[in-house]
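The report below describes a structure through its salt bridges, its interfaces and some details of its backbone. Please read it alongside the sequence and the coordinates.

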Amino acid sequence: MADYVQMWKDLGMDLESHDVLCSVLPTAVGDVFMTQQNRPKAMDFWDLVISEVHGIRPAELIEEQKKGRKVFGTFCVYVPDEVVIAANGIVTGLCGGSQFWVPGGEAVLPKSTCPLIKASVGARLGRTCPFFRIADMYVGETTCDGKKKAYEILGEDVPMYVMDVPQMKRPEDILKWKNEIAAFAKKVEEFTGNKLTPEKLNEAIKLFNEKRKALARVYNARKSECLPISGRDALLMMQIAFFDDPARCAQMCNRLADELEQRIRDGVSVVPAGTKRILVTGTPLAVPNWKLHNIIETSGAAVVCEEMCTGTRYFENLVDETKTTLDEQFMALSERYMKTNCACFTPNTGRIDDILRMVKEYKVDGVIDCSLKFCCLYDTEKYSVSRALKEAGVPILSLETDYTDTDAEQLRTRIGAFVEMIDG
Amino acid sequence: MKQYSIGIDIGSTCAKAVVLDAEKHIMERFLLPTGWSSVETAEKLKEQLSAYLSDAFTVATGYGRACVPFADRSVTEITCHGKGAAFLYSAPTLTVIDIGGQDTKIILLENGTVSDFLMNDKCSAGTGRFLEVMANTLGLRLETLCELASAGGGVSISSMCTVFAESEVISLIGRGEPRENIAFAVVDSIVTKVASQVSRLLQADGAVCLTGGLCELPYLRQALEKKLGRKVVTSSDGRYAGAIGAALLAWKDGAAK
Ligand code: SF4
Ligand code: SF4
């Protein structure tokens with residue numbers, strides 16, 4: 001392992017606490033990933049990235065910052081990365097997925113806040129995540145109430161820009177989001193000192209479309225009866241996609257997809273024939289939150305798709321590449337982003353349609369709808385998700401969990417029973 | 001081909017064991033308190049089952065199912081309770097209510113197989129634990145609490161949380177409320193909680209049965225019937241439902257060998 005201590009020091013991190021965090025990660029990675037048989041070789045890239053998750057990429061970001069580039073940290077798949085890239089900025093995801101950060105978040109937030117928000121705030125205030133230190137500006141968004149109010153607190157500690165996400169999807173809302181994107185573009189221009197041009201934005205749009213297509217190729221391979229990759233590995237790839245350089249991400253995902261497609265041709269599967277195929281839906285699974293996938297896949301089933309922001313919501317739908325003025329491009333971006341179906345919107349029947357479509361596409365035997373504790377939006381939507389699936393005759397299990405391990409056995413019983421139920 | 005099958009259900013308060021013969025007759029049934037260690041309990045069960053063990057397939061279930069080294073495999077309590085309940089009460093559509101020490105399970109069975117289930121184990125409200133805590137607070141045994149409850153009325157406990165409910169009970173005692181009425185309120189509280197869970201799975205037709213240790217309390221069953229507006233059946237073997245289901249699955253395993 002390379003020595004990143006000086007870098008962490010320079011970032012003003014709390015090294016002592018950070019050591020504690022770093023000491024648990026290898027065991028978790030070992031237990032969740034290295035115990036798997038017959039993994040795709042191309043996973044070596046993600047194994048390396050995760051083994052030095054606080055080293056490799058942060059060091060790259062710092063190098064870029066030295067050249068004058070600005071790093072923007074985001075918390076939601078609604079924030080259009082293209083705009084930042086077109087102004088020669090860099091985007092990194094900032095969602096916290098570890099219980100380690102939750103107490104730090106609880107020091108300033110109500111306990112009844114979802115763990116994703118608590119962990120994100122805790123990671124910043126506790127100074128134990130390099131990404132949260134490196135980001136020059138945070139970009140928030142008015143999605144759920146918990147995040148909106150948490151951004152006010154984060155904003156006291158770091159430059160914060162908040163985009164106003166509409167709550168409905170009428171034509172005027174799409175127009176409104178376009179205007180928000182235009183306003184964000186102005187802010188990005190100011191902050192980076194670089195002017196946006198239609199050419200540069202078009203390049204960025206193409207770059208991100210390529211990344212989306214590469215991610216989609218991996219997901220496409222998961223539709224095969226012969227399952228070439230585990231849900232855990234696919235999830236890791238997805239989670240890292242939020243942090244990585246987009247061009248390299250596309251390249252690595254395409255390399256993985258090549259191998260997966262070859263595996264399908266050769267009939268190489270990571271699970272025995274007849275293993276039950278699970279679609280997971282609900283709130284995002286931020287790194288290093290692998291609890292749900294790990295329990296499902298050690299209970300005799302396989303995860304074949306995530307209808308989540310760390311999943312299909314991140315890459316489905318492309319941005320129209322044919323527009324030639326910034327104004328048209330902002331509209332094209334808005335149209336693409338507003339297709340993402342998040343429970344923050346009302347109505348959100350598009351998500352139900354997506355789930356039903358994916359059940360068919362991914363040949364799913366059962367759906368697990370899991371939300372983070374205190375996420376009232378996704379929790380409430382479980383009612384309509386479960387009703388629609390029952391009507392369609394698809395077995396559905398609704399769960400709620402947080403980042404602690406205390407409910408692992410309870411989840412194991414429910415998930416085990418669900419798998420036994422669909423096994424008949 | 002082996003002669004017997006054994007089902008072991010290690011719950012949070014009690015471990016149950018059932019031995020079936022080839023005709024699926026119950027040869028043996030017994031229970032032990034689980035105590036502190038599931039591993040020790042499993043050892044004790046092993047001793048008591050020694051006459052059958054070598055000639056039986058064994059399936060373990062319950063929350064301590066992973067701690068039974070001599071079992072051939074483990075199956076979750078949902079599947080086992082479902083199978084066991086279908087054995088005890090045959091009905092094309094059956095809703096099973098199992099109020100356990102630590103959790104409450106609602107299982108929907110269609111033609112003997114599980115088609116849906118719900119589990120409450122995140123908090124002790126609506127579980128046997130709630131009743132136990134309240135009985136302790138009142139200085140009563142569970143059976144006496146239920147008997148008293150049948151003669152009470154007029155009081156209710158508003159808090160769903162065991163800890164808050166306990167302080168409510170204490171203030172009711174302090175206020176001089178007759179014990180019958182407090183006991184009534186306690187049972188009413190758990191029955192209300194369980195009924196609201198059941199309503200999520202309850203089918204318009206079909207039978208409802210109560211299994212688990214609490215099915216031996218007649219007043220609880222009656223109170224549940226009243227709340228649900230449905231007949232609720234029980235069986236003297238109700239608390240063995242999980243172990244019976246495990247033993248039935250063990251037979252299937254044996255036959256497949
Ligand atoms: S779940 Fe909604 S709020 Fe969260 S990242 Fe996804 S789109 Fe954004
Ligand atoms: S999981 Fe729910 S509560 Fe948490 S940040 Fe996402 S939308 Fe908000």
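## Buried salt bridges in chain A

A salt bridge joins A:Arg39 to A:Asp233, with 2.8 Å between the closest N and O atoms. The two partners lie 194 residues apart and so link distant parts of the chain, A:Arg39 sitting in the loop between helix H2 (15-34) and helix H3 (44-51) of chain A and A:Asp233 in helix H12 (residues 231-241) of chain A. Both A:Arg39 and A:Asp233 are buried. The model in which this pair is found is a predicted one.

A second salt bridge brings together the side chains of A:Arg212 and A:Glu82, at 2.9 Å from N to O. Distant parts of the chain are again linked, since A:Arg212 belongs to helix H11 (residues 198-221) of chain A and A:Glu82 to helix H5 (residues 81-86) of chain A, 130 residues apart. A:Arg212 counts as buried because its relative accessibility is 4%, and A:Glu82 counts as buried because its relative accessibility is 0%.

## A further pair and a network

A:Arg351 and A:Asp369 form a salt bridge in which the closest N and O atoms are 3.5 Å apart. Here 18 residues separate the partners, with A:Arg351 in helix H17 (residues 349-361) of chain A and A:Asp369 in strand S7 (residues 366-372) of chain A. Both A:Arg351 and A:Asp369 are buried. Salt bridges with shared partners also join A:Lys223, A:Glu316, A:Asp354, A:Arg357 and A:Glu361 into one network. Over all chains, a search of the whole structure finds 51 salt bridges.

## The interface between chain A and chain B

Contact between the chains involves 12 residues of chain A and 15 residues of chain B. Chain A and chain B bury about 1,200 Å² between them, and carbon and sulfur atoms account for 51% of that area. On the side of chain A, the residues that lose the most area to chain B are A:Thr413, A:Arg414 and A:Met421, which together give 44% of what that side buries.

The count of salt bridges between chain A and chain B is one, and A:Lys390 forms a salt bridge with B:Asp116 in which the closest N and O atoms are 2.9 Å apart. Five residue pairs are in polar contact between chain A and chain B, counted where both residues have pLDDT 80 or more. Strand S8 (396-401) and helix H19 (408-423) of chain A are the elements that give two or more residues to the side of chain A that touches chain B. The largest share of that side, nine residues, comes from H19(A). By residue class, the side of chain A that touches chain B divides into four nonpolar, three polar and five charged residues.

## The two domains of chain B

The domain assignment of chain B gives domain 1 (4-79 + 240-256) and domain 2 (91-234). The centres of these two domains, taken over C-alpha atoms, are separated by 27 Å. Six residues of domain 1 of chain B are in contact with 10 residues of domain 2 of chain B. About 610 Å² is buried between the two domains, with carbon and sulfur atoms giving 72% of it. B:Ser12, B:Glu77 and B:Ile78 supply 73% of the area that domain 1 of chain B buries against domain 2 of chain B, more than any other three residues.

Across this interface of domain 1 and domain 2 of chain B, the rule finds zero salt bridges.

## Backbone details in chain A

The peptide bond that joins A:Val287 and A:Pro288 is cis, with omega about -5°, and A:Pro288 is placed in the loop between strand S5 (276-282) and helix H14 (291-297) of chain A. A cis peptide bond also runs from A:Thr346 to A:Pro347, where omega is near -10°; A:Pro347 lies in the loop between helix H16 (326-337) and H17 of chain A.

A:Arg127, a residue other than glycine, has a positive phi near 55° and is found in the loop between helix H7 (115-125) and helix H8 (130-134) of chain A. Because its relative accessibility is 35%, A:Arg127 counts as partly exposed. A:Asn317 likewise has a positive phi, near 75°, and its place is in the loop between helix H15 (312-315) and H16 of chain A. With a relative accessible area of 33%, A:Asn317 is partly exposed.

Notes: Residues numbered from 1 in each chain as written. Chains lettered and ligands numbered in written order. Predicted model: local features only at pLDDT ≥ 70, side-chain atom pairs only at ≥ 80, totals over all residues. Heavy atoms only, no water. Domains from an automatic or database assignment. Contact = heavy atoms within 4.5 Å. Buried area = accessible area lost by both parts, 1.4 Å probe. Salt bridge = Lys/Arg side-chain N within 4 Å of Asp/Glu carboxyl O. Helix = DSSP H or I, 4+ residues; strand = E, 2+ residues; numbered from the N terminus. Buried < 20%, exposed > 50% of the residue type's maximum accessible area, 1.4 Å probe, protein only. Polar contact = N/O pair within 3.5 Å; in protein donor to acceptor, adjacent residues only side chain to side chain. Nonpolar A, V, L, I, M, F, W, Y, C, P; charged D, E, K, R; others polar.
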